[in-house]
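Keep the viewer open and follow along.

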Amino acid sequence: MVAVVEDGDFAAVVAEGEWEAVQAMRAAQTGPFERPGPALPAAAGVEALLEAPLREIPVGRSPAGSQDPVVRLAARYSRPWLSHGSIGPSCAVAWAREGGLTLWSYSQGVFDMKRAIAELTGLTPEKVRVIFTPGAGCYGQNGADDVTAEAALIAMALPGRPVRLQWMRAQEFGWEPCGVAGVTEVEAGLDAHSRVTGWRYRVWSNPHDARATGAGGFVAAQQIAKCFPAPVLEPLPMPAGGGDRNADPIYDFAGMDIRYEFAAAPLERGSAMRSLGGQLNVLSIESMLDELALAAGADPLEVRLANLPDPRGIAVLRRAAAAFGWEGRQRGDGYSGAGLGFARYKNQGAYCAVALEITVDRDSGRIRVGRVVAAADAGQIASPDGVRNQIEGGVIQSLSWAMLEQVAMDPRQRISLDWGRYPILRFDQVPERLDVHLLDQPGAAFLGVAEAAQGPATAALANALADATGLRLRDLPALAAQAPRRPARPGSLNPQPCRAGRTLAAAAPLPGGSAGASCLLLGRRRNPRPLLSGRSADGRGPAAVAWTRWPETGLPGRSDRRAESLRLQAPGAGSSRNGGLLWGALHVGIARSAARSTRKALPSPRGR
């Protein structure tokens, strides 16, 4: 043992070796768990948004049309909470020395972090330095900010010792901010000229941007003695928007009445994730257009063209349709079908249309995406290959969201804590062919690509599924019922299932690495969280340690090259007067008495 650190309900046990850390973690996990705050909406799911306290925000209106509809429909759509699903769990290094604090982090907001960490630790901003270090990508806000804040708290209690904090897979799934869930309701009609009329649209969602600009934005801020209240979040303004992003259609619909039902109090912790509310809103709009076309016996492409006044948008739709062979496509036969989706991202960014074909295994319900054709207009294009890569990645990611992904929870905690319970699209599930056609606009403004493909690809999948089977995908994901489930292994490092969403695997040096002690998070509650640390025997400085899987034995296994993106090194850490880099683990799911008994069960600390 090196030290015991306590700050309010935040507790840390610092040990010399990784096995001591594992033993302390297991002892700590014998305590009871109580989740602070209200229960999670496990039973009601996204429907809980409809009953939450709401602030109604007008988004858009348009004059009524002159023609009566020949068909009128109403529908509801939803998407669940999503994980960012970073392949590498979050990691940070913190070093408190000479009255200041240096942090190595891959947060997307290092300047906000500098100010927020200063407030959290009581330092002046001039005393805090945040060094951006490449790490696992997330397209938004995963656990990178929280892991950095927690490393900072630990390092401040152990001045002179660099501390590396490494979340594990279950902690990342259990504690990162989720991509936010949403619900939409649409009612609309179609007249004899294929014009949409009487468009009534409502979207329910929580805040989509909770990045810490002050100390209260960090998870640990509500656990330390100087408690910082969580911030009150406001909706993001249009046209970018949050839950209402792309809720205002680019189409010219008559009689539009669009409203955002903003639920300020999060039902589950969430923040920015790629496209924010755009995916759900584009899915809803494009699905309703297909439903209206089907009910009226019209072609879905022609309905879109009849309502689209933007010539650049028309050109993108026509290019995608021509390259796909829309007119000669095979119509749905119960097993295969084709679908189309289109949007302009934020109504001011890139235009994107996606057409795709699928086959459905009627016995298993599995969907196989065959050919995908996308067309995009991003203004003047500086890097055609970069634009194609962005569209391709957006298509694949959104297909994974639409077919497989959702955060599962019970009233106390998230329970989708590994890749078995949170499956993502695998290599053998990606489209068989994906072609991207670019409409370059020399001399025009650069629009940027961003997440232009997320909504159209999701909508194209939903419309293809309806074409193939007659079943309308209203609630994502399509294959939730078929998603594999793997129970926790008794006695493994992934217990019960993972104690409030965070669990520990002890650290081991990477090939060629030297010394270190690891910080690996595992559980939370209002009660103490021992930090479990270890340090290798040779003491020669920092080693980067990263876990990419749970060993079947439940014991630590070695890292491999897949962990390269997680290596956050503190230069010169080995020359620290007090020794090398510390590694450890956190746990909060225990009572204070359990924390005390854990300390008694471990070797007595030195240098306390």
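## Inside the fold

Start with the largest nonpolar core, which has 83 residues; Trp 199, Phe 342, Val 354, Ile 358, Ile 391, Val 395 and Met 403 are the ones that touch the most other members. A nonpolar core here is a set of buried Ala, Val, Leu, Ile, Met, Phe, Trp, Tyr and Cys residues joined through side-chain atoms within 4.5 Å. Buried means under 20% relative accessible area, exposed over 50%, and partly exposed in between, with a 1.4 Å probe and protein chains only. Strand β15 (residues 351-360) gives the most to this core, with 8 residues. Apart from it lies another core, of 38 residues, with Ala 92, Ala 94, Leu 101 and Leu 123 among them.

A word on the ground rules. This is a predicted model, numbered from 1 along each chain as its sequence is written. Local features need pLDDT of at least 70 and side-chain atom pairs count only at pLDDT 80 or more, while totals for chains, interfaces and linings use all residues; side-chain values use heavy atoms, with hydrogens and water left out.

Now zoom in on Ile 358. Leaving aside its neighbours within four places in sequence, Ile 358 is in contact (heavy atoms within 4.5 Å) with Tyr 335, Ser 336, Gly 337, Ile 367, Arg 368, Val 369, Gly 370, Leu 461, Ala 464, Leu 465 and Ala 468.

Next, the sheet around β15. It is an open sheet of 4 strands in the order β14-β15-β16-β17, with mixed pairing; two strands pair if DSSP finds at least two bridges between them. At the edges stand β14 (336-344) and β17 (433-438), each with a single partner strand, so one side of each has no neighbour in the sheet. From one strand to the next, the twist averages 15°. β15 and strand β16 (residues 367-377) are antiparallel, paired over 9 bridges, and Leu 356 has Val 372 in β16 as its bridge partner.

Two helices pack on this sheet. Helix α8 (residues 311-324) touches β14, β15, β16 and β17, and its direction makes about 140° with that of β16. Helix α9 (residues 384-403) touches β15, β16 and β17, at about 135° to the direction of β17. These angles run from 0 to 180 degrees between N-to-C directions, and the axes are lines fitted to C-alpha atoms, for helices over the stretch in contact.

Move on to strand β11 (residues 196-205), which is mostly covered, with 8 of its 10 residues buried. Strand β10 (residues 182-190) runs antiparallel to β11, joined by 8 bridges, and Val 186 stands opposite Tyr 201 in β11. The hairpin of β10 and β11 has 5 residues between the strands, and Ser 194 there takes a positive phi near 65°. β11 also pairs with strand β12 (residues 257-262), in the parallel sense over 6 bridges; Arg 200 stands opposite Asp 257 in β12.

Helix α4 (residues 144-157) is worth a stop too. Its 14 residues reach 21 Å from first C-alpha to last, close to the 20 Å expected at 1.5 Å a residue, where the expected span is 1.5 Å times one less than the number of residues. α4 is mostly covered, with 12 of its 14 residues buried.

Finally, step back. The protein has 11 helices and 19 strands, counted as DSSP runs numbered from the N terminus: helices are H or I of at least four residues, strands E of at least two. Buried residues make up 60% of the 608 residues.
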